[in-house]
Amino acid sequence: MSLPDSGLGELTVVGHPFAPIGMGEHLRSTVRALRAAGVRPRLLDVYGLDRGRDPDLERAFGDDVTRRLSRHANLFCLNADEVETVRERLDGAAFAAARNIIFPAWELPKYPTAWAELLSGFDDIWAPSAFVQTALTEATGRDVARIPLAVDMKLSTFLGRRWFDIPEHAFVVMFAFDFSSYAARKNPEAVLAAFEQLVARRPEAPLHAVIKFKGGKADDPARKALEARIAALKGRVQTITRELSDNEVKNLFRCADVFVSLHRSEGFGRGMAEAMALGVPVVATGWSGNMDFMDGATAALVDHAMVPVGAGQYIHGEGQSWADPDVAQASRLIEQILDDPAAARARAAAARRRIRTELSARAVGLRCVERLQALLG
């Protein structure tokens, strides 16, 4: 693709390129998309705390790191609550001279008014899904671009179940979440409840659940309650709490027979999209950001009721609602995958095709370039 001399060649992407967090992968997937469309941006690591921790990420992104903003165009893959702190660390004159785009994440129907005001200093706003786009548009009154996150599941090495101590013969139910990122939104208790119901109905089946989580102090009541519930399942549930490399996480998903997300709300739903890209069947709540790339032909969708966000369950959640998925239905849908693997594989293959078509790095990158060209003119 031929790119005009409009500053695209001097684009800098700002955020956390080496951090093992959601916004880190948010940035990395966007950079991969831009590269696939012929744009190789510089990367400004705002804190520089995670360099060298993951050799794969260092090889992929280390050569493009810069210490300065571009005076032409900057894309900030940051949430609004970081904007003031980050801007204080950066060159104000370069920011003022450039066109600046903000690409935040969000997970509830209404975007906080105070945060919307922080976005007013940017020339353009991007959203990773129609769900987030609607929230941002209503909060800011501006035109917000829907730019999905590219899902690129290239593996540097292949790792099997033995690498993770997962039983080779088992039917593996996979789930992942972060205690430090409002675990109530990810709803791990619902996944465990669905698995418990399945075990109760099929006690002789080789059922095994893998829950990858991080965060949460050892004396955290929520973590202790989760661990007690897991212990009651007597070895049928395996937890992985150590920090995994980017390649390990992708391989862990690949080892599953079904990925389950009984989330209450998602801004995009990367875990589900990655499982779909790997050809792993998905059972998921049929609401919020994941519905951009998910329907009944590509996933087993779980019905839900809308309930108020509880006190302290999510930042700026007061007066908002989110989904309460049907746990019993979810358990039956997992059982259907256990009993009819051929049908599950067929739906997973359709899901994989959809991800490759709509969320490939090239497809997303071209959307990024089109929006950037319109902005930079």
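Averaged over the chain, the pLDDT comes to 93, and 98% of the residues reach 70 or more. Residues 1-5 are another story: their pLDDT is below 50, though the stretch still has 11 contacts in the model beyond near neighbours in sequence. Where pLDDT is low, the predicted coordinates should not be read in detail.

**The seven-stranded sheet**

Let's begin with an open sheet of seven strands, paired in parallel and ordered β3-β2-β1-β4-β5-β6-β7. At its edges stand β3 (65-66) and β7 (144-146); each has a single partner strand, so one side of each has no neighbour in the sheet. If you zoom in on the β3 end, you'll find β2 (residues 42-45) running parallel to β3, with two bridges joining them. Leucine 43 has valine 65 in β3 as its bridge partner.

Helix α1 (residues 22-36) lies across β1 (11-15), β2 and β4 (73-76), and runs at about 165° to β1. Over at β7, helix α6 (residues 130-140) lies across that strand and β6 (124-127), running at about 180° to β7.

**The six-stranded sheet**

There's also an open sheet of six strands, again with parallel pairing, in the order β10-β9-β8-β11-β12-β13. Here the edge strands are β10 (237-240) and β13 (300-302), each pairing on one side only. On average, neighbouring strands in this sheet are turned by 20° against each other, direction ignored.

What joins β9 to β10? Four bridges do, and the two strands run parallel, with β9 covering residues 207-214. Alanine 209 stands opposite valine 237 in β10. Helix α10 (residues 246-254) lies across β8 (171-178), β9, β10 and β11 (258-261), at about 140° to β8.

**Helix against helix**

| Helix pair | Angle | Axes |
|---|---|---|
| α8 (residues 188-201) and α12 (residues 327-339) | about 60° | 8 Å apart |
| α11 (residues 270-277) and α13 (residues 341-358) | about 110° | 7 Å apart |
| α1 and α14 (residues 361-376) | roughly 85° | within 7 Å |

Take α8 and α12, which pack at an angle of about 60°. That angle makes α8 oblique to α12, and the crossing is right-handed. On the α8 side, the residues in contact include Ala190, Ala193 and Arg201, and on the α12 side they include Val327, Ile334 and Glu335. Sorted by class, this contact of α8 with α12 has eight nonpolar, two polar and three charged residues.

The α11 and α13 pair has an angle of about 110°, so these two helices are roughly perpendicular to each other. Ala273, Met276 and Ala277 of α11 meet Ala348, Ala351, Arg352 and Ile355 of α13. By class, the contact of α11 with α13 has six nonpolar residues, no polar ones and one charged.

Finally, back to α1, whose axis crosses that of α14 at roughly 85°. The two are therefore roughly perpendicular to each other. From α1 come Arg32, Ala33, Leu34 and Ala36, while the α14 residues in the contact include Ala361, Gly365, Cys368 and Leu372. The class count for α1 with α14 is seven nonpolar, one polar and two charged residues.

Conventions. Residues numbered from 1 in each chain as written. Predicted model: local features only at pLDDT ≥ 70, side-chain atom pairs only at ≥ 80, totals over all residues. Heavy atoms only, no water. Axes fitted to C-alpha atoms, helices over the stretch in contact; angles between N-to-C directions. Parallel < 35°, antiparallel > 145°, perpendicular 65-115°, else oblique. Left-handed = near helix turned anticlockwise from the far one by under 90°. Contact = heavy atoms within 4.5 Å. Nonpolar A, V, L, I, M, F, W, Y, C, P; charged D, E, K, R; others polar. pLDDT = per-residue confidence, 0-100. Pairing = 2+ DSSP bridges.
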